[in-house]
Amino acid sequence: MMFFKETDDAKKIYWLGVFIFLALLAHLFHSHGHTGLTYIDNWSYTQFLFDYQDEFLKRGLLGEILRQLGFQMSYEIANTLAYGIFLGVFLTLLLVFILPFKDYWQSTGYLLFFLFIFSHSGTIQHFYHDFGRTDGIGLILTLLSILIIYKNSNLFAYFFAYLLMTIAILIHEATFFIYIPLVLVFGFYLSSSKEAKITLSVLANLFLCTTYIVSTYGLAQNSTLNQHYEKLVSIYGDRVQQDSLAVVHNREIKENFNFTVVQLKTEKTKTKHFKRFFVLIPTLLLIASLIFEDIYKNGYSKKLLLFIAALSPLALYFLGADFFRWWALALTNLFIAFALISGLDSQFRKLLISFFYRHQVLVLVAISFSLLQGDIGVS
């Protein structure tokens, strides 16, 4: 069944877009009060308080930049920054999902693809729900790095990409798992020459060393967890959360792993996983069908490596209990990979547009599920 024709139904899809936008607003009003506004939670706010005043701390770069600029961190400033991060992510994602499809903006297949991405539980809805998380900064820096490599994939381009991603690692060391693979494999997708392989291997090792140094030497040495907590409470008040501070106080990988495994075994977590998986079934069917159709028509190619690299946030599954955060970031990466390849490969772009046109019923079901579910959540 075709609800929309390819040639004359653009106006109908625009009205569908208006409906989806209003549905998202209604969901925000329902979830976040009569204004629809969200606010940074105490966990994320506490991490905005990290800086280098007493010692080098991982995740402290953002706070240190503000301190050097003469700002005294407060909940209001942190909330403003969180809105800035969200707005930056929103605009960046719009550009990523619009620019590669120039000359196809009136196409029914493209419009359905865009509405599917725009309304999805794992993209903009997720970043609004997980408000104040610095994943958004990492995403923006990742796409800037990819743009630099695309424009001029020489040593200078990779050097600037390394600087940008080092900033992302200093803001949050999990960048190594969340975004670094996407940058490296995109470079390989552009060129798999011997020189490119050597450069990317060196870059990968630099990222690994940088992450190790930040993660190891970014732990608090000059105070215990209780001392650190009491100091921040005396300055910033009761919004400081001790569990959030614990990430810079020698909480080892083994502890994270054990805690995460325990959480996975609880009935509550199992139920949530089942519900989220059910909501994502239409999305997973669309993704799998598109990839298999591309393989059937064009054979195996480097595109598959980029798709696999996009799923890298799932590598954190047993190291952090933010399970659905990893789902959302992996899906966002995967959608970005679709857009990047569409901008470089006209054959894949045409296939994607045709695919979303031919499977519009499943697309509409996936959109409906996302609107009914809302954001995927975090944990």
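The bend at a residue is the angle between axes fitted to the seven residues ending there and the seven starting there. By that definition, helix α15 of this predicted model bends by about 50° at L280.

**Helix α15: span and bend**
- Helix α15 comprises the 32 residues 267-298.
- At 1.5 Å a residue α15 should span 46 Å, and its end C-alpha atoms lie 43 Å apart, which agrees.
- The bend of about 50° at L280 is followed within four residues by a proline, P282.
- Just after α15, G299 adopts a positive phi of about 80°.

**Helix α15 against helix α18**
- Helix α18 covers residues 346-358, and its axis comes within 11 Å of that of α15, the two crossing at roughly 135°.
- The crossing in which α15 passes α18 is right-handed.
- On the α15 side the contact involves L286, S289, L290, E293, D294, K297 and N298, which meet Q347, F348, L351, L352, F355, F356 and R358 of α18.
- By class, this contact of α15 with α18 contains seven nonpolar, three polar and four charged residues.

**Helix α10 against helix α7**
- Helix α7 (residues 135-151) packs on helix α10 (residues 180-190) at an angle of about 20°, and their axes are 10 Å apart.
- Helices α7 and α10 are therefore roughly parallel to each other, since angles under 35 degrees count as such.
- The passage of α7 across α10 is a right-handed crossing.
- The contact of α7 with α10 has seven nonpolar and three polar residues, with no charged residues.

**Helix α10 against helix α17**
- Helix α17 spans residues 323-344 and packs with α10 at an angle of about 20°, the axes being 12 Å apart.
- That angle makes α10 roughly parallel to α17.
- Helix α10 passes α17 in a right-handed crossing.
- L182, F186, Y189 and L190 of α10 meet N333, L340, I341 and L344 of α17.
- The contact of α10 with α17 divides into seven nonpolar residues, one polar residue and no charged residues.

**Helix α12**
- Helix α12 (residues 225-236) has 12 residues and reaches 16 Å from its first C-alpha to its last, close to the 16 Å expected at 1.5 Å a residue.
- Just after α12, G237 takes a positive phi of about 95°.

Conventions:
Residues are numbered from 1 along each chain as its sequence is written. This is a predicted model: local features need pLDDT of at least 70, side-chain atom pairs count only at pLDDT 80 or more; totals for chains, interfaces and linings use all residues. Side-chain values use heavy atoms; hydrogens and water are left out. Axes are lines fitted to C-alpha atoms, for helices over the stretch in contact, and angles run from 0 to 180 degrees between N-to-C directions. Angles under 35 degrees count as roughly parallel, over 145 as roughly antiparallel, 65 to 115 as roughly perpendicular and the rest as oblique. A crossing is left-handed if the near helix is turned anticlockwise from the far one by less than a right angle, and right-handed if clockwise. Ala, Val, Leu, Ile, Met, Phe, Trp, Tyr, Cys and Pro count as nonpolar, Asp, Glu, Lys and Arg as charged, and the others, Gly among them, as polar. The expected span of a helix is 1.5 Å times one less than its number of residues. Contact means heavy atoms within 4.5 Å.
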